[in-house]
Amino acid sequence: MTIASLNNATQVELLTLYREMLLIRRFEEQCNALFLQGKIPSTLHLYIGQEAVAVGVCAALRPDDYVLGTHRPHGHALAKGVTSRSIMAELFGKVTGCCKAKGGSMHVGDMSVGMFPAIAIVGANAPIATGAALSAKMRGSGQVVVAFFGEGGANEGAVHEAMNMAAIWKLPVLFVCENNLYGASTPVSQIVAVENVADRAVAYGMPGVIVDGNDVLAVRDVTRTAVERARAGEGPSLIECKTYRLCGHSRSDACNYRTREEEAEWRDKDPLLRIRKLLTEETGLATLSDLEQVEAEVEAILTDAIQFADESPEPAPEDALLHVFWEDK
Amino acid sequence: MALMTIAEALREGIREEMRRDPTVFCLGEDIGVPGGFGGAFTVTLGLSDEFGHNRILDTPISEIGIAGVAIGAAMTGMRPIADVQYGDFLFCMMDQLANQAAKMTYMSGGTVKVPLVMRAPVGSTRRGSQHAQSLEAFFTHIPGLKVLAPSTAYDAKGLLKSAIRDENPVLIFEHKLLYGSKGGRSEKGALSPIGEVPDEDYTVPIGKGAIRRVGKDVTIVGKLLTVYRALEAAEELAKEGIEAEVIDPRTLIPLDKELILESVRKTGRLVVVEEDNLTHGWGAEIAAIVAEEAFFYLDAPIKRVASLDTPPPFAPPMEAYYLPSVERVIAAVKSQF
Amino acid sequence: MPVNVIVPPLSATADTLTLMEWYKREGDMVLKDEPLFMVETDKATLDVESPASGRLLQVSAKAGDSIVSLSRIAVIVAEGESLSDVKASPPVAPKPPVKASPPIAKPAVAPLERRVQATQRRIFISPRAKKLAEERRFDWQRVIGTGPEGAIVERDVHASLNKPQAPITLTTETNATELVALHKRLLGMGVPVVYDDLILLILARTLREVPKMNASQEGGVHIGITLDVDDDLPLAVVRNVDKKSLREIAKETLELREAAKAGDLAVERTQGATLALTNLGMFGIDAFTPVIATPDCPLVGIGRIKTLSQPSDVTQRFSVWVSLTFDPRLVRAGTGAGFLQSVAATIENPMLALV
């Protein structure tokens, strides 16, 4: 590999990307274990295999930019800067959670770091992202908004309406399609007639970009281009990240709709293996002990988050009555 | 003080709030197009001349998009007023209203607010089934939404201002026959309740009902157009010695329960009149509240007068048969004596 | 003790009613105040409630029968009791020892066109009307409704309350031999009681069995007695009689009598009676119709204790007339009759006041 293939990424940048991806991977693996221990009372949609998308996209954003996640939002939230503690506590159903235990796994978010409460109705976040982008434009804030959705969500009418409106008003919004090949159990070939979701961009009058969603640097770079365009007032972009969900759709999914061979193939393309290889074998920017140090940091963060969640108090049952309407503090 | 129709009062309310607060803006279909209608019922007519097309924003025919855009803007510092051309189209955006707007504050643990206003015309006006429904009750069943139903010019402006300043999603239902819209947008059979509207800034509090007529023998609760049907019935009943008290809750959520209960405690009788169809409706909820909380004050069975359980029919004789008429209100009251 | 199921004197004009339906069968368990059977009068059909909880036995009338007012048509036997107890118990309601006085005024009747159909099984009353009736301790069962579906509504209760209603007086004569003996024995033991004191005790005990007769919302038993003071008959009230011993009652009535004579009976000691007692025995009156002073307070009258014996008899026998006057809108006639029967039975056998 040449330095050019690094897209001018420095060692620090690369290690940061690696740390964030590893944090998501280990967070999700811990969630799985904690679910089995009965610590997490809900089902979970894990982000394992798609870490490069969230981390690559968010690496191209400003802290005050907005991200709207999906029903599979832990990766989006962690990448945007929501703390492990507050997400883990939310999953545990504790009052210290980022949504005070009102949201749960599918609604984690923290507006103070630009992460909307995740929206678990497929495709419904797209028009809201368009609205946030309209707001950014009206307020002249220079903020950019990202709506994540899957190839399944791409077929929702809401996404279509949102893209059209964003395009006619040239709004600073990025529609990031995480094409992980399956909408729950349904393969993409059954639900999309065009070869790529991004091919639809031309119909809305916006650029459509296809990127290897398991290559964090590639994702970061196409996002940067789209963000620059958006901030310049040139309007929205559609980015399709080709990736793969290495885990089941939800906790109860045995993945009988896909082959073990296909899974093995994609495990070889695991975005974490990819960045490790880039950092060590391909560029020599990091040593194994550098990586071990990152891994230790990540483990420390998670150990702390789990302990925090475990020790945090449960909400009072009657707290269910709070926040139906906005309450001034 | 000026005499205004409801359409004019709403327009002035929007104008004053947009002048007062730069984050307030309108979006919707056909609301600001030069040479257009100013919305289906002229409420935003001329506002784009003052505020421009960025703040009186014409949208594609995309109801999900309109709702979602309003929500996203509201969550990030703006105060959108979304214009829904016909209330029936709210069903197109049901997910955005029911799953997104209504629940965002709750599921974020009270960390996010959604200060949006959505205005929707309702009422059967010879347009057949898909531009005629009175669907307020659907939205009163969704915790997290505030639902208003102004029936006078004064209330329309005052409640709209309260809604714009509220930190929650607020739906305002307006009746097509009450707008008093003029010219090509005027409605056959419209009542045009022109009322005095103060020139100075004022608001009508959300959650406070109004007694439109004082009486001692029966309480008639109506909303929007049926307030006027109830008042007409009350005048007829008075000729026969029955004095009806007519209550207009003005706000459906939150509901001024105590005003209704207080009246029923006095009169001992309740008739609820609404233009929505009968079954599982708003009237049933009012009846249930009274049965639960003022049972021992009731001197006769509660009666509901509503549209029939059919889609709104088109032909005028069928439409008239379907709607809650003054005669049906009178008959319901008399059955209680 | 088993309780007799008595046909209430519901008709002001006829002594017989028609038994329409039993709601329970012989052998069924019933609850006090649960509707037990339905009778038809010349005006309406009415439900009669069970006087006690227990098993329904000895049913002697069936649906369709004509039944005589105040006759016994069944008994209620409490758990643990047997029918032999029934036989042992005194026959309480023989043919006509209790007579309803003829009505002076016609009872309240609503406009004919909206009357309840005679065959209607249930009487409907609006919650508002029922609440009003209960606040005024008004027996709405006999009001005829003019509201929706013939229901009794607020105006019907008001109309009935506003109409003058003659009180009903029931009278009965009872054996006072044991009462006289008890009085004599107590005096012999140096307990200074008068007959009024004994009657007060008996009334308080009987009210415990028939609380509906007590004109009190909160349940206190406060019995007024008319005092014999210089031809005047002022009423003084003995409070919480049911919680007092005979000696305490006697002490209090003596005090009241003396205060009345001295002319310093405090006004508050003359108010709040939930039942009143007038004894005209000292005036040599056998029986009389007392006048109700406060509308909702029933009044018990006691006449002269008469000797039934000849001077030559070895054992002396006595009798006394007892009457009960009440507003039939406030207390059902059947309830009144049952109360009077109990009072008479307890005078006849004053030991019952001790159990």
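This is a predicted model: local features need pLDDT of at least 70, side-chain atom pairs count only at pLDDT 80 or more; totals for chains, interfaces and linings use all residues.
# Notebook: three chains and how they meet

I began with chains B and A, which bury about 3,100 Å² between them, 73% of it on carbon and sulfur atoms. By buried area I mean the accessible area (1.4 Å probe) that two parts lose on being put together, summed over both.

Residues are numbered from 1 along each chain as its sequence is written, chains are lettered from A and ligands numbered from 1 in the order in which they are written, and side-chain values use heavy atoms, with hydrogens and water left out.

**Entry 1: chains A and B**

I counted who takes part: 42 residues from chain B and 36 residues from chain A are in contact, where contact means heavy atoms within 4.5 Å. I then looked for salt bridges between chain B and chain A and got zero. For that search, a salt bridge is a side-chain nitrogen of Lys or Arg within 4 Å of a carboxyl oxygen of Asp or Glu.

Polar contacts came next, and chains B and A have 15 residue pairs of this kind, both residues at pLDDT 80 or more. A polar contact is a pair of N or O atoms within 3.5 Å; within protein, one must be able to donate a hydrogen and the other to accept it, and residues adjacent in sequence count only if both atoms are side-chain atoms.

Which elements of chain B give two or more residues to the side that touches chain A? I listed helix H2 (47-55), strand S3 (56-58), helix H3 (63-75), helix H4 (94-101) and helix H5 (104-107) of chain B. Helices (H or I, at least four residues) and strands (E, at least two) are DSSP runs, numbered from the N terminus. H3(B) gives the largest share of this side, ten residues.

I sorted the residues of this side of chain B by class and found 18 nonpolar, 17 polar and seven charged. In this sorting, Ala, Val, Leu, Ile, Met, Phe, Trp, Tyr, Cys and Pro count as nonpolar, Asp, Glu, Lys and Arg as charged, and the others, Gly among them, as polar.

**Entry 2: chains B and C**

Here I found 16 residues of chain B in contact with ten residues of chain C. The area buried between chain B and chain C is about 910 Å², with 49% from carbon and sulfur atoms. Phe296(B), Asp299(B) and Phe337(B) supply 54% of the area that chain B buries against chain C, more than any other three residues.

My count of salt bridges between chain B and chain C is zero, and there are eight residue pairs in polar contact, both at pLDDT 80 or more. The side of chain B that touches chain C has eight nonpolar, four polar and four charged residues.

I also checked the remaining pair: chain A and chain C do not touch, and their nearest C-alpha atoms are 33 Å apart. Two pairs of chains are in contact, and chains A and B share the most contacts.

**Entry 3: inside chain B**

The domain assignment of chain B gives domain 1 (2-197) and domain 2 (210-334); the bounds come from an automatic or database domain assignment. I read 26 Å between the C-alpha centres of domain 1 and domain 2 of chain B. The contact takes 31 residues from domain 1 of chain B and 23 residues from domain 2 of chain B.

These two domains of chain B bury about 2,300 Å² between them, 58% of it from carbon and sulfur atoms. How many salt bridges are there between domain 1 and domain 2 of chain B? I counted four. I also looked up Arg250(B), which forms a salt bridge with Asp155(B), the closest N and O atoms being 2.9 Å apart.

**Entry 4: two single residues**

I found Ser105(A) in the loop between helix H4 (84-92) and helix H5 (125-139) of chain A. Is Ser105(A) buried or exposed? Ser105(A) counts as buried because its relative accessibility is 4%, and buried means under 20% relative accessible area, exposed over 50%, partly exposed in between (1.4 Å probe, protein chains only). The side chains of Ser105(A) and His74(A) are joined by a polar contact of 2.8 Å.

Arg122(C) lies in the loop between strand S9 (99-100) and helix H2 (127-135) of chain C. At 54% relative accessibility, I noted Arg122(C) as exposed. Arg122(C) and Met38(C) are 84 residues apart in sequence, and their C-alpha atoms are 9.7 Å apart in space.
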